[in-house]
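Subject: Structure handover

Hello,

Here is the structure I promised to send over. My notes on it follow below.

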Amino acid sequence: MSDLKVYNSYSRQKEVFTPITPGHVGMYVCGPTVSGESHLGHARPYITFDVVYRYLQYLGYKVRYVRNITDAGHFEEEGREAEDKISKKAVLEKLEPMELVQKYTNLFHWAMEQFNTVPPSIEPTATGHIVEQIEMIKQIIEAGFAYEVNGSVYFDVKKYAATHDYGKLSGRVIDDLLETTRELEGQEEKKDRADFALWKSAAPEHIMRWQSPWGVGFPGWHIECSAMATKYLGAQFDIHGGGMDLLFPHHESEIAQSTICNHAAPVRYWIHNNMITINGRKMGKSYNNVIKLTELFSGNHPILEKAFHPMTIRFFILQTHYRSTLDFSNEALVAAEKGLKRLWDAYEKLQAINYESREEGPGTELEEKLKKLVAEFPEFMNDDFSTAKVLANMFEIVPVINSVKDKIIPVGALSAETFKLLQSAFKTWLEDIFGLKGVTEADNSKLQGVMQLLIDIRKEAKGKKDFATSDKIRNQLAALGITLKDEKGGEMSWNID
RNA sequence: GGUCCUGUGGCCGAGUGGCUAGGCAGAGCUCUGCAAAAGCUCGUACAGCGGUUCGAAUCCGCUCGGGACCUCCA
């Protein structure tokens with residue numbers, strides 16, 4: 001099998017993945033800011049990196065996956081509103097800050113469960129690591145790369161850039177940065193406009209506040225990730241993930257902070273997912289075009305024509321390469337929904353077939369084709385996680401499965417070995433690696449019994465050519481949202497829409 | 001304004017210079033008491049204009065369009 005290659009944002013090219021410690025992978029992914037509800041855009045990184053996590057484990061790595069919860073809040077705009085985003089909202093909603101944070105954290109966890117994502121190994125909170133952040137800031141000051149002004153601490157970007165490559169990750173030129181940075185209030189505290197806050201002094205009304213060597217305040221925007229990543233993954237770790245919109249300034253600043261503290265570049269492979277767009281524009285609060293996950297699952301949103309199942313979303317996301325933008329539309333999601341159903345129906349049929357045939361024999365052309373398609377699954381994944389191509393191959397196999405089921409492909413065309421290969425490959429890839437699940441839940445044994453009874457009655461009616469009765473059963477069930485299908489050979493199957 | 005990405009058939013989307021991606025929708029056929037599924041067949045698309053090449057959706061240049069970041073942002 002080929003080596004895993006990942007596109008490293010830092011080098012801007014695909015590189016062979018080699019972990020620092022053989023057999024182990026440390027992965028940090030920027031988690032949600034729990035000051036509000038997650039929307040469709042947020043689903044992308046967590047599903048993308050869930051598959052990365054699952055795939056690395058499939059490859060045999062022991063992975064420590066750290067994904068933070070940002071519950072201390074960042075600023076609306078640095079300096080302008082000397083106010084914590086979370087505390088601000090808390091006032092509006094008349095909630096305690098931690099109450100608010102808890103509410104949205106719970107909601108986030110609920111959504112992640114709907115998406116069938118595996119929980120990270122560690123999910124540290126920013127508020128739980130104030131001490132670590134203060135320690136790190138102290139180190140940066142001691143190293144001479146930060147300075148204190150009026151109880152706030154700023155990172156000295158210019159000094160750092162003199163000896164380090166600030167701007168490399170995001171393709172920024174430091175001089176341009178100085179010219180293009182916007183005029184903001186509170187800038188006068190900084191020595192240089194490109195500098196960023198490590199610690200901000202808190203105004204008296206500020207609710208979230210902690211004691212520090214520089215007075216009462218709260219941590220700056222980027223330090224939490226540096227502190228928590230260092231604590232749980234070490235000075236250098238393998239993978240850091242997040243959305244492309246975090247490249248600058250968040251990840252760029254993270255590199256600077258960590259590099260000063262740990263005397264080494266913190267991350268080997270930077271992986272960034274692209275945005276989900278709607279009408280070609282990034283989904284985001286500032287664009288006023290967000291669809292919250294709760295709205296998506298319920299269909300309760302003006303631009304939604306219907307509700308969409310979390311698995312449809314998951315599949316929708318996996319059908320695109322993670323570094324491409326993905327444009328949302330009702331039509332696109334309906335297409336994904338139908339595609340997933342077709343794939344999943346075939347998968348369930350595949351698992352249900354008890355295939356008995358020659359144990360071995362000359363490989364037919366069909367067999368060779370199937371083996372090739374399956375063998376390509378890991379090849380595609382190894383090429384920077386091309387989930388879309390793996391799914392395309394699966395869809396090529398779907399007609400074969402259906403044909404075996406309907407006996408259009410005769411028994412004996414496939415060896416039992418090939419057939420079992422399909423069964424195990426589909427299970428591994430669909431369930432274990434892609435984390436997909438069936439959309440319809442019909443796991444009610446009583447309902448199954450009732451359905452079997454109706455099917456028996458319908459079979460009898462059909463046998464007597466009593467089509468009035470047989471059609472009545474099928475039509476009434478259809479009205480209830482249950483589709484009954486006649487199959488070749490007189491069997492019947494059903495599913496809930 | 002700066003930096004970067006991008007423009008593929010009705011829609012969504014893969015695409016490593018030469019070989020049918022795939023999904024959805026649509027058309028025809030087969031199967032079927034009817035229906036639904038399912039199977040088979042069908043679209044010869046790559047923004048435009050040049051260039052490199054035996055050969056370009058794929059490389060280069062220009063033009064036009066869209067987007068991201070430069071501010072919290074997945």
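How many nonpolar, polar and charged residues does the surface near RNA strand B have? It has 20 nonpolar, 25 polar and 22 charged residues. Near means that a heavy atom of the residue lies within 4 Å of the strand. Nonpolar covers Ala, Val, Leu, Ile, Met, Phe, Trp, Tyr, Cys and Pro; charged covers Asp, Glu, Lys and Arg; the others, Gly among them, count as polar.

Two notes on the source. This is a predicted model, in which local features need pLDDT of at least 70 and side-chain atom pairs count only at pLDDT 80 or more, while totals for chains, interfaces and linings use all residues. Residues are numbered from 1 along each chain as its sequence is written, chains are lettered from A and ligands numbered from 1 in the order in which they are written, and side-chain values use heavy atoms, with hydrogens and water left out.

**RNA strand B**

In total, 67 residues surround RNA strand B. The closest are G243, L246, K282, T320 and R474. Of the RNA atoms that come within 4 Å of the protein, 67% belong to sugar and phosphate.

- K282: a side-chain N or O atom is 2.3 Å from a phosphate oxygen of RNA strand B.
- G243: a polar backbone atom is 2.4 Å from a sugar or linking oxygen of RNA strand B.
- H42: a side-chain N or O atom is 2.8 Å from a phosphate oxygen of RNA strand B.

Helix α13 (residues 387-405) gives the most to this surface, with 7 residues. Helices are DSSP runs of H or I with at least four residues, strands are E runs of at least two, and both are numbered from the N terminus.

**Strand β7**

Buried means under 20% relative accessible area and exposed over 50%, with partly exposed in between (1.4 Å probe, protein chains only).

Strand β7 pairs antiparallel with β6 (residues 152-155) over 3 bridges. It is also joined to β8 (residues 217-219) by 3 bridges, again antiparallel. Pairing takes at least two DSSP bridges. W199 is the bridge partner of V153. W199 also stands opposite P219 in β8.

**Helix α16**

In helix α16 (residues 467-479), the buried residues are S470, I473 and L477. They fall within an arc of 60° seen down the axis, so they line one face of the helix. The arc is taken from the directions from the helix axis to the C-beta atoms. On the other side, A468, K472 and A479 are exposed.

Best wishes

Notes: A polar contact is a pair of N or O atoms within 3.5 Å; within protein, one must be able to donate a hydrogen and the other to accept it, and residues adjacent in sequence count only if both atoms are side-chain atoms.
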